[in-house]
Structure formats: structure tokens, C-alpha cells
Amino acid sequence: MTAAAGTVLATGAIATPAQAAPKPPSIVAKGGYVMNDATHAGYFGKAADTRRSTGSTTKIMTARVVLAHKGLNLKSKVTIQKAYSDYIVAKNASSAHLIVGDKVTVGQLLYGLMLPSGCDAAYALADRFGKGSTRAARVRSFVGQMNATAKSLGLKNTHFDSFDGIGNGHNYSTPRDLAKLASSTLEYRTFRTVVRTRSTKQKVTTRNGGYRYMAWTNTNKLLGSYPGAIGVKTGSGPEAKYCLVFAATRHGRTVVGAVLASSSVAHRSADAKRLMDYAFKR
């Protein structure tokens, strides 16, 4: 006769039931997804392919386009233009507080882009890496590169109309697509280094040849509060609500995912933690 699970066997050992599968998480966000970074196997999805506004998570693609440029020199310098600061004021946008006339390296701009979510840093990178004889043409070119990259990565539900997420109603993606984008961009060592940085102080050259230090703090509160967190990017906005693209590594396994349209900063972090907890139990 076979002993039932949980009964005492003849040897005195207790037969325990098979470990129950973890209960799927409940999240506040309208959309969410988490997957295995290496295999892209999905663990959980909620409206994972529904297109939504992405806010500043758009800047993951901004960084990826820059990092994919052949012969990229992270030490090359970009002179900060008044147009970048005027844009921040006009859009009431998040800022890296770049100062007109300063010479900031491309590598430093990536920190200014991803940590404080500087739209001025995004503008500077678009102006530097777009093609054209005017600033407007270079920005259009850069956004075109963002969309071409999305197509090449098979992100069928993703489209950009801005370099920073402040779009004109045609800037959207899905939790699944953003997870795939983050996974692809994490393949760049520079990106991995930047997005896991909690704070940094960068020495930049001033207009007069002197220097100043720029201090930036990462808006991603998972860093330092969730074991194994390695990034990736926050986002918010009137339409986007509160978004978060996240990644963490434990015991040699990395999971990556996204939540879109959560209801607050606290809820987007809690949503991400629930998704990662679930994924690591699978």
C-alpha cells in the first residue's frame, strides 16, 4: 500500500507533499510582465501586449541607440546648448541640470540620462548622434534610429515620437516589449554599469576651461532595497502614470520586466518586487 503524502512511513520518515507552485502575483499596474533574461521565457503577464504610454522608460532606447553607434567614444565631449535648458523649462521636464557652455562627455550624459532621468541629457544625445544640418533634423533622425532599432529587435508594439518620452501621443510600448528592450540593452557593459549606479559625482569642463562636479542620484528605488536589483529605469507622466522597467540577478539567474500605468511611485516598486519574487520562485 502506498503511503499518502504527509503520513509516517515504516522507516519513520515523513512523506511531504510536492512543493506547491507559487501563487501568481496581484499588481496594481494596468500592465506588467516578467521574463527570464537569458531565455526570454515569460513567467507572468498582465495585459503584457497592450500598448501604453511609457514615460521616461523611453530613455532605455535613447541609451541603446547611442551605445550601438560604431566607433562610439564615451569620452568625446558635447557642448551643452541653451536649447536643451529651454526645452526643460518649456516642457517642465525632469532634468540633469546641465549648464549651458559646459563640455560633458557622452559617457557622463548617459549617467545624466538614466539616473536623474535628464531630458536635457536626452536632447544633447539626440542632437549629437542624429544626422542632419539642423538641430530639428538631427532630432528627427535620432528618433528614426530609435524606431528602426525597435523594428530590428522585433518590438512590434513599440513606437517612439520623442527622444525622452515626452511625445505627441505616438510614444508607446508594452510591458513585454520593454522587457525585451531592457534585456537587449543590458548586453552593453556600459549600460549595466550606469543603471546599477545609485549615485555619482561627475567632473565636467566649464565654458571657461575650469571644471565643476555634477551630482546625480538614481530615481530607481529598487537599488539598495531589493536584493539583487541591477536596474533599469523609472518613468512617469500624466498619461503614462507610474512605470518601471526592472531587472535583478540571484543565484546566477537574471529576470527582467516592466510595469506600466501603476498608481504611484510606491506601487510601481511594490508591483515590480512582486513580479520578481514570483519569477525567482519559478
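This is a predicted model: local features need pLDDT of at least 70, side-chain atom pairs count only at pLDDT 80 or more; totals for chains, interfaces and linings use all residues.
**Pockets**

The largest pocket is lined by 31 residues, and G55, G165, I166, S236 and G237 are the ones nearest its centre. At least two lining residues come from each of β3 (52-53), β9 (229-237) and α8 (265-281). Of these residues, β9 gives the largest share, with five.

Around the second largest pocket you will find Y87, K91, Y123, V139, V143, D161, S162, F163, I166, G167 and N168. Here α2 and α5 are the elements that give two or more residues to the lining.

As a general rule, nonpolar side chains in soluble globular proteins tend to be buried together. In this model the largest nonpolar core has 60 residues, and L109, M114, F191 and V232 have the most contacts inside it. Helix α4 provides the largest share of this core, eight residues. Another core lies apart from it and has 20 residues, including V34, A248, A279 and F280.

Beyond its neighbours within four places in sequence, M114 is in contact with K59, I60, A63, F191, V194, V195, N218, V232 and K233.

**Helix α5**

Helix α5 covers residues 135-152, and at 1.5 Å a residue its 18 residues should span 26 Å; the C-alpha atoms at its ends are 26 Å apart, so the two values agree. The buried residues of α5 are A137, R138, V139, S141, F142, V143, Q145, M146, T149 and A150. Among the elements that cover them are α1 (59-67) and α4 (119-129). V139 and V143 are buried in α5, and both also line the second largest pocket. Just after the helix, G154 takes a positive phi of about 75°.

N92 counts as exposed because its relative accessibility is 73%, and the cut-off for exposed is over 50%. Another is H97, with phi near 60°, which lies in the loop between α2 and β5. H97 is exposed too, since its relative accessible area is 58%.

Definitions and conventions. Residues are numbered from 1 along each chain as its sequence is written. Side-chain values use heavy atoms; hydrogens and water are left out. Helices (H or I, at least four residues) and strands (E, at least two) are DSSP runs, numbered from the N terminus. The expected span of a helix is 1.5 Å times one less than its number of residues. Buried means under 20% relative accessible area, exposed over 50%, partly exposed in between (1.4 Å probe, protein chains only). Contact means heavy atoms within 4.5 Å. A nonpolar core is a set of buried Ala, Val, Leu, Ile, Met, Phe, Trp, Tyr and Cys residues joined through side-chain atoms within 4.5 Å. On a 1 Å grid over the protein atoms alone, a cavity is a set of points where a 1.4 Å probe fits but cannot get out, and a pocket is an open set with protein on both sides within 12 Å along at least five of seven lines; lining residues have an atom within 4 Å of a point.
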